[in-house]
Amino acid sequence: MAVYYLSPTGIDEAGRDGSKGQPWNSIRYSLNRVGGSNRIILLDGSYKWSGTPYPGEIPVGAGGTANNPTIVEANNKWRAVVQGAVQHGVQTQSGGVNFC
């Protein structure tokens, strides 16, 4: 299992590896780059969900499957806030992340 990091001040661009020293910025960007059985850690701060076709929707199957999930969790419990996330048919566990 690999571990990747997101930061409100991170940068979504090719060449960045999603490490703690080179964190990405958005959940959608990271889900499109990591496969199942990986972990995405949200560093403290607020994250806005954006993307298409539906800006607030987390696509089913993004970043993994039911048997091979990608886990998204807060680095520090309740210190990461995801605004605008709508989950349709996706089982989630908060992992210390506030979904608003």
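pLDDT is the predictor's confidence in each residue, from 0 to 100. Here is a quick tour of a predicted model, in which local features need pLDDT of at least 70, side-chain atom pairs count only at pLDDT 80 or more, and totals for chains, interfaces and linings use all residues. Residues are numbered from 1 along each chain as its sequence is written, and side-chain values use heavy atoms, leaving out hydrogens and water.

**Confidence**
- The protein has a mean pLDDT of 78, with 69% of its residues at 70 or more.
- Helices (H or I, at least four residues) and strands (E, at least two) are DSSP runs, numbered from the N terminus.
- Residues 88–93 have pLDDT below 50, and beyond near neighbours in sequence this stretch has six contacts (heavy atoms within 4.5 Å) in the model.

- Three strands make an open sheet in the order 1-2-4, with parallel pairing; two strands pair if DSSP finds at least two bridges between them.
- Strand 1 and strand 4 are the edge strands, each pairing on one side only.
- Four bridges join strand 1 and strand 2, and Tyr 5 stands opposite Ile 41 in strand 2.

**Positive phi in two loops**
- Most residues other than glycine have a negative phi.
- Ser 37, in the loop between helix 1 (27–31) and strand 2 (39–42), has a positive phi of about 65°.
- Trp 78, in the loop between strand 4 (71–74) and strand 5 (80–83), has a positive phi of about 70°.
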